[in-house]
Amino acid sequence: MKTLYLDVFSGISGDMFLGALIDLGVDLHQLERELRKLKLEGYHLHSASGQRANIQGIKFDVHLEDDHHHHARDEHEHEDQHHHHHVHDEHRHKHEHAHSHEHEHGRNYAQIRQIISASSLSDWVKAKSLAVFHRIALAEGKIHGKPPEQVHFHEVGAVDSIVDIVAGCIALELLGRPSVYASPVVDGTGWINCAHGKFPVPAPATLEILSARKIPIQQCDEPHELVTPTGAALLAEFVEWFGPMHGLTPTKIGYGLGARENKTRPNVLRAILCEAATSDHDWETDTICVLETNLDDISAEILGRVMDVALTQGALDVFYTPAYMKKNRPGVVLTILCPVAEGDKFAEIVLRETSAFGVRRNISERRKLQREFTSVRTEFGEVALKIGKLNGKVVQLSPEFESCRKLADQTGLPLKSIYEAAIRAAKT
């Protein structure tokens, strides 16, 4: 299982992210081929080896063609990224830009959704690109007091930003859709130019996007914006947790170069492709959150409801273990297994829905057999089967309960006869 760790010590923008992934081995031609599926015109990609503070990496750019408003983004990255604070009055917008490609500057969120949904990109890339845009639309909408649908992205609606975001999702897919972790997020200080004067860093949209996912942010004394709204939205969508590296084996390191030479730190994003600690087994490993609480004063009906709520909300598993507690009270330990990023959501469910005053939280590593799903033909009919393999050998065979139950109901036979027939058929 691959993991990608992003070192956001010097910020992140869409093009730094792509530069780093190309440095890790994402093929630019494959990226271009996939991007053609968007059917967008008027741009080309540019990827070049370069240095920031003597660190060798890749500078990625989307160059817009035939548009004298936009220079290559190398020089104007820091200005470019701030036009996202304009929400244009349509009428004025047409006058201002009559001489340029209007459609490249004022697309609203609904139009961008249409372009992505209508493309022949993979379902995963479409879903993730739309999710990243959704985060930006919510942030812009909140700042400007509009519903997300009506937000006109000035900068993010322009071709280069659409390409940045979709290309970022494609690049992750080309890397094999790794789990993404990141260091704590660092932005600079100082001021940015926006529609009506100056605004302190972090930019309003960046701050909204990070706050919506409750991502911690710290500032350093670099007097520039380091985290752009696009960079923030990529982090918010993909990163499972933020913190120092833990138990990861680095296998390849890439550097994405930003637009300028900083004073206090190299303007680079370091991307580290890792493997989880290696072993002699081909099992899958992942990390989950385990939440637990002891309950001795709650009715069985409420407990049943808590299990339903948690499973509906996407918990991986929910169970109760009988326990004898203080004052000789019989009670239960409620345990919820869930994805790490959703630990707080489920902790809140427990605190709201039960009588608990606290929840214990552990991060747990799992080892999982390689799984295959198949079906076998028995003398009573077809049964679905789950097979678990370790190093190529079948070590578990498990007929699916629902499929066996259906056959038992149809034939009037005991459930165990169906199970036995399924296992016999699987072993022959």
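Reader: How many aromatic pairs does a search of the whole structure find?

Author: A pair of aromatic rings is described by the distance of the centres and the angle of the planes. Here, rings of Phe, Tyr and Trp (its six-membered ring) pair if their centres lie within 6.5 Å, and planes under 30 degrees apart count as stacked, over 60 as edge-to-face and the rest as tilted. The search of the whole structure finds two aromatic pairs. Trp124 and Phe238 form a tilted pair, 6.0 Å centre to centre with 40° between the planes. Trp124 lies in helix H6 (residues 123–144) and Phe238 in helix H9 (residues 229–238), so this pair ties together parts that are 114 residues apart in sequence; helices are DSSP runs of H or I with at least four residues, strands are E runs of at least two, and both are numbered from the N terminus.

The model is predicted, with local features needing pLDDT of at least 70 and side-chain atom pairs counting only at pLDDT 80 or more, while totals for chains, interfaces and linings use all residues. Residues are numbered from 1 along each chain as its sequence is written, and side-chain values use heavy atoms, with hydrogens and water left out.

Reader: Is Phe238 buried or exposed?

Author: Phe238 is buried, with a relative accessible area of 9%, where buried means under 20%, exposed over 50% and partly exposed in between (1.4 Å probe, protein chains only). As for the rings of Tyr181 and Trp241, their centres are 4.4 Å apart and their planes at 20°, so that pair is stacked. Tyr181 belongs to strand E4 (residues 179–182) and Trp241 to strand E9 (residues 239–242), 60 residues apart. Tyr181 is buried at 8%, whereas Trp241 counts as partly exposed at 21%.
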